[in-house]
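Please open the structure in your viewer and keep the selection tool at hand.

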Amino acid sequence: FVNLEPVEPAAPETITRRVVKDLDAAAYPDRFVIPLIEVVHDRAMVEVARGCTRGCRFCQAGMTYRPVRERSPETLKRQIRELIKNTGYEELSLTSLSTGDYTQVAELISDLVQELEGDSVALSLPSLRVDSFSVGLADRIQKTRKTGLTFAPEAGTQRLRDVINKNVTEENLMSAVEAAFNAGWDQIKLYFMIGLPTETDADVLAIAKLAHNVLRTGRDIRGKQGKAGRVQVNVSVSSFVPKSHTPFQWESQNSMDELTRKQELLRKELRHRAIKFSYHDVQASFLESVFARGDRRVAEVLEEAWRRGCKFDSWSEYFAFSTWMDAFADAEVDPYWQGPRERSEEEALPWEFVQTGVTRRFLLHERHQAYATRSTADCRFANCPGCGLCPSFQVENMLVGGAAGDGD
């Protein structure tokens, strides 16, 4: 791969991302078709904010959806009233990349709990920070039925959390866990990744150690209330997939054999009746790496695999890895070259004709910061890290007023 050049004279050499500047002015659907059967997301949803500046180095959405923009509480409450009236849903979810970072989240939840109580509408927060403040918010929402809380430390050691710029500590997590168990929760779910850049076996084994610490804490706290046996810790582990437009877009992905070995390490360490361990299929993760960073030649493979019956691959009983590999072979496309290999910092990348506003220079700087085990603070609460978005955010050709479909 050398470069991408337009094949049509009218096509621009670069595509500039469009940004909705004012979310309050953006159209939001309040009337839509309601399924007659129960579906996965069987609830009403409102988007409280868009964008995230936490700066996790593996996260594509956190890089490409900058800057942070929020809807006003007045707009949200108006949209919620219309949604509930028009749909009849019995659950409402406040969505964003990090709902706990919404600046007026506490006041909004207080108002909504009071307003929705008479309609028997449950409120949920799909994404919580690893802190006791988030537990307090969840406690106000789930006063009667505490279904479970989910936290995402992502890595088992502080060193590796600094590498990926996940600015939380084990103390943050344990404080949140203690607050949750004291507030009456019995089930905690923890999300982690394996195969992250610079990861060692010690980092992997630390995941299991952290899970056991959470279980021990829960049994100690709930045991004093005679409910130690109800404590459950669910550990979900996915495999790192390098994504375009992130500081880790140049990284390699662990081989399937290596990921399997690390999963087995964890399986042995997490054998406990009160700990449930789940993980992602390594072959699926391999394909994700191809789709995440492959060039346009992968399009032929996608179509050919579809013609061969690869249509419901997210269901394990329909996932046929050999069919995908046959499609790659017939198209003469090497999936190992397209997906998991490390990229040099000098080579052309097939997605760089898309300008997200975050500069290549910043992504490279963040990659180097990762290998130096240095974290970068959230620019909403600290100095500007120089991602390049804020100056370009003022350029008119990136901004749209908020009409539906005009921007991100």
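Which residue in strand 9 is the bridge partner of Thr150? Select Lys189, for that residue is the partner. The model is predicted, so to speak of local features a pLDDT of at least 70 is needed, side-chain atom pairs count only at pLDDT 80 or more, and totals for chains, interfaces and linings use all residues. Numbering starts from 1 along each chain as its sequence is written, and side-chain values use heavy atoms, without hydrogens and water.

Next, select strand 8 and strand 9 (residues 187-194); they run parallel and are joined by four bridges. Strands are DSSP runs of E with at least two residues, helices runs of H or I with at least four, each numbered from the N terminus. Now display the open sheet, whose four strands follow the parallel order 8-9-10-11; two strands pair if DSSP finds at least two bridges between them. Strand 8 (149-154) and strand 11 (275-279) are the edges, each with a single partner strand, so one side of each has no neighbour in the sheet.

Finally, select helix 9 (residues 282-293) and helix 11 (residues 321-331): their axes come within 11 Å and cross at roughly 30°. Among the residues that meet there are Phe286 in helix 9 and Trp324 in helix 11.

Key: Axes are lines fitted to C-alpha atoms, for helices over the stretch in contact, and angles run from 0 to 180 degrees between N-to-C directions. Contact means heavy atoms within 4.5 Å.
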